[in-house]
Amino acid sequence: MKWIALQGLKGGVGTTTAVAHLGEACHRQGRPVLLLDLSPGNLLRVYLGMPWEVRRGLVPALTSGTPWYQAAYRSATGVRFIPFGVESHPPAEQDYSRAVLRQWFRQIRREAEELQLPAQTLCIVDCPALGPGEELLLQDLVELHLLVVNPDPGCFASLRQREPLPAAQVLINRLHAESRLECDLQDMLLASPTTRVLPVTIQQDAHVPESLAWKQTVFQAAPASQAAQDFALLASWVLSQLREVEHVS
Ligand SMILES: Nc1ncnc2c1ncn2[C@@H]1O[C@H](COP(=O)(O)OP(=O)(O)OP(=O)(O)O)[C@@H](O)[C@H]1O
Ligand SMILES: [Mg+2]
């Protein structure tokens with residue numbers, strides 16, 4: 001099994017979108033996947049078509065002592081995922097501290113190895129966004145850590161202030177290809193000696209929120225879209241990176 005964490009440099013940059021689409025794209029390319037929502041917003045499931053009223057998920061299972069893998073679901077296209085879930089008596093949001101999330105993740109990673117999942121399974125984790133001054137959440141616990149950013153001056157400045165981030169590779173999402181400013185910011189990031197930027201960028205595409213409204217990814221709702229093309233390329237890049245990791249280990 002290989003593990004990938006996706007984390008936003010800040011909230012709202014499209015991390016959950018990227019997890020759902022990367023998962024669907026890898027699944028379409030024949031790689032078994034398990035998507036794990038470690039983000040208290042519990043929104044990953046929406047892309048995967050889960051009914052609103054279902055409250056089950058990872059955290060209600062962990063906090064009630066039930067095996068977490070019993071909270072797994074399969075989307076209509078066959079993607080396996082575990083939603084964050086909704087607790088009956090939810091604690092204040094800050095109680096889902098990074099230490100607690102890390103501890104849960106360690107347990108999941110350890111126990112997942114004992115499950116009868118296909119050996120090639122790729123586990124993709126939706127992590128909460130980085131807060132000011134916070135350390136990356138899972139960088140030392142996964143094979144690949146992608147930090148999601150938007151190509152805007154705010155993200156650019158925030159990234160520069162945090163450099164170097166050697167453990168993470170930067171995924172640019174929501175590029176407006178017609179914006180000179182955004183293309184320049186992308187070029188500056190790509191040229192930076194201290195930031196590793198993925199060679200694949202996801203463009204801004206109105207089909208992404210439209211698909212979400214249908215509780216689907218663009219692969220079902222808009223298969224000919226730019227976003228479908230970009231996310232398929234992203235999956236190919238991720239799978240080629242992991243082949244290199246597998247080759248070395
Ligand atoms: N490439 C894109 N093109 C257009 N819209 C996008 C794109 N990526 C994400 N969005 C939209 O941006 C909004 C926020 O996306 P998402 O929920 O994935 O962000 P997030 O980083 O996970 O947020 P949070 O920090 O709250 O968890 C959604 O409405 C989504 O449809
Ligand atoms: Mg999210």
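Strand S1 (residues 2-8) is mostly covered, with seven of its seven residues buried (20 or more other C-beta atoms within 10 Å of a residue's own, C-beta atoms being placed from the backbone). Strands here are DSSP E runs of at least two residues and helices are H or I runs of at least four, numbered from the N terminus. This is a predicted model, where local features need pLDDT of at least 70, side-chain atom pairs count only at pLDDT 80 or more, and totals for chains, interfaces and linings use all residues. Residues count from 1 along each chain as its sequence is written, while chains are lettered from A and ligands numbered from 1 in the order written.

**Exercise 1.** Work out which residues of S1 point which way.

*Solution.* Start with the rule: side chains in a regular strand alternate between the two faces of the sheet. Now sort S1: Lys2, Ile4, Leu6 and Gly8 point one way, and Trp3, Ala5 and Gln7 the other.

**Exercise 2.** Find the strands that pair with S1 (pairing takes at least two DSSP bridges).

*Solution.* First, S5 (residues 122-126) runs parallel to S1 over five bridges. Lys2 sits opposite Leu122, and Leu6 opposite Asp126. Next, S6 (residues 144-149) is also parallel to S1, again with five bridges; there Leu6 partners Leu146.

**Exercise 3.** Follow S5 to strand S2 (residues 33-37).

*Solution.* S5 is mostly covered too, with five of its five residues buried. S2 and S5 pair in parallel over five bridges, and Leu36 has Val125 as its bridge partner in S5.

Note on methods: Buried ≥ 20, exposed ≤ 12 C-beta atoms within 10 Å, placed from the backbone.
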